[in-house]
Structures are given as structure tokens and as C-alpha cells.
Amino acid sequence: MRDRPDLAAMTETLSRALVEAERPVLEEHGLTMWAYVVLLALGDRPLRTQAALAESIGADKTRIIAVLDGLQGRGLIDRVPDPGDRRARLLSLTPEGRRVRDAARAGIRAMEERVLARLAEEDREPFLRSLRTLSALPPGSP
């Protein structure tokens, strides 16, 4: 096998570049990276608890409270007491939350298309398929 950088080194560089390219898109919509991650995680699915959300995005449940407060304050999410457990809060996107999420995602996808345009057309789909496969690996599994 020919010499190449370690996978972590290559993906870390790419990841940092993508995060920096996403920052102005998110700022245009008044979002932080964590706020965007929350909006994506809530998606269009039924209501979720704060604890389930935190676990699904790999965040400490106490640390996302400020993010949730900000999103709720802007009318992007609803938080209501769980009828089955009054200590828990159920989360859902509001119509405005869906609109902001979709607009931010469209901006990010446009930026990603510019990045993917650096690859030959026939290499794009295999690259994305491989990236999906590798990014689905659980932490510590290799």
C-alpha cells in the first residue's frame, strides 16, 4: 500500500474546513452549530425528551439547556411537560423551526456541492456512499 496520511488526519482537516465553511451559513440564520444539530436531530419525528435528544447528538443533557432555551425563545422549538413524567420535557420543532432548519440546510448543501465539485463527477457518489458507511461506525469500533 502506498504511503498516505492517516484517515483521522485527512478527515479532521476536511471536517475543520467544512465547519468553517458552514459557520457563515449558520450565522446568516442566527444559529450556532449546536442549535443546528438540535434542529436536525428533532427533525419531523414525534416529540422527544431532552435526555433522549442529548444522547442522540452526543451532548451532555445539562449543557444543551441553554441551546434549547435560545431555540425556544426564538419560537423554533416547543418544550412541554411529558404527561407520563412531569419532570421530563418533550421537544418538537415549530413550523418556524422547520423553516429555519430547511433554509440553513439548503445553504449548507449548496456549499457542500461546491466542495464536491472538486471531485470528478463519477467519484462523487462512491465518495458519499463510502463516507456514509464509515461515519456510521460506532465510536471505538474500528
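This is a predicted model: local features need pLDDT of at least 70, side-chain atom pairs count only at pLDDT 80 or more; totals for chains, interfaces and linings use all residues.
Visitor: Why are H2 and H5 called roughly perpendicular?
Guide: Start with the angle. Helix H2 (residues 33–42) and helix H5 (residues 95–116) pack at about 110°, with axes 10 Å apart. Axes are lines fitted to C-alpha atoms, for helices over the stretch in contact, and angles run from 0 to 180 degrees between N-to-C directions. Now the cut-offs: under 35 degrees is roughly parallel, over 145 roughly antiparallel, 65 to 115 roughly perpendicular, and the rest oblique. The angle of about 110° falls in the perpendicular range. H2 and H5 are therefore roughly perpendicular.

Visitor: How do you know that H2 and H5 meet?
Guide: Contact means heavy atoms within 4.5 Å. By that rule, Tyr36, Leu39 and Leu40 of H2 meet Gly97, Val100, Arg101, Ala104, Arg105 and Ile108 of H5. This contact holds 6 nonpolar, 1 polar and 2 charged residues.

Visitor: What makes a residue nonpolar, charged or polar here?
Guide: A list decides. Ala, Val, Leu, Ile, Met, Phe, Trp, Tyr, Cys and Pro count as nonpolar; Asp, Glu, Lys and Arg as charged; the others, Gly among them, as polar.

Visitor: What makes H2 and H3 roughly perpendicular?
Guide: H2 and H3 pack at about 110°, with axes 10 Å apart. H2 and H3 are therefore roughly perpendicular to each other. Trp34, Val37, Val38, Ala41 and Leu42 in H2 meet Leu53, Ser56 and Ile57 in H3. By class, that contact has 7 nonpolar, 1 polar and no charged residues.

Visitor: Why is isoleucine 57 called buried?
Guide: Buried means under 20% relative accessible area, exposed over 50%, and partly exposed in between (1.4 Å probe, protein chains only). Isoleucine 57 has 16% relative accessibility, so it counts as buried. Isoleucine 57 lies in helix H3. Leaving out residues up to four places away in sequence, isoleucine 57 touches Trp34, Val37, Val38, Ala41 and Ile64. Across the protein, 28% of the 142 residues count as buried.

Visitor: What makes a group of residues a nonpolar core?
Guide: The set must be buried Ala, Val, Leu, Ile, Met, Phe, Trp, Tyr and Cys residues, joined through side-chain atoms within 4.5 Å. The largest such core has 25 residues, and those with the most contacts inside it are Leu31, Val38, Leu39, Leu53, Leu71 and Ile77. The elements giving two or more residues to this core are helix H1 (7–28), H2, helix H3 (50–57), helix H4 (65–73), strand E3 (85–93) and H5. H2 gives the largest share, 6 residues.

Visitor: Which residues does leucine 31 touch?
Guide: Not counting residues up to four places away in sequence, leucine 31 touches Leu26, Tyr36, Leu39, Leu71, Arg74, Leu76, Val100 and Ala104.

Notes. Residues are numbered from 1 along each chain as its sequence is written. Side-chain values use heavy atoms; hydrogens and water are left out. Helices (H or I, at least four residues) and strands (E, at least two) are DSSP runs, numbered from the N terminus.
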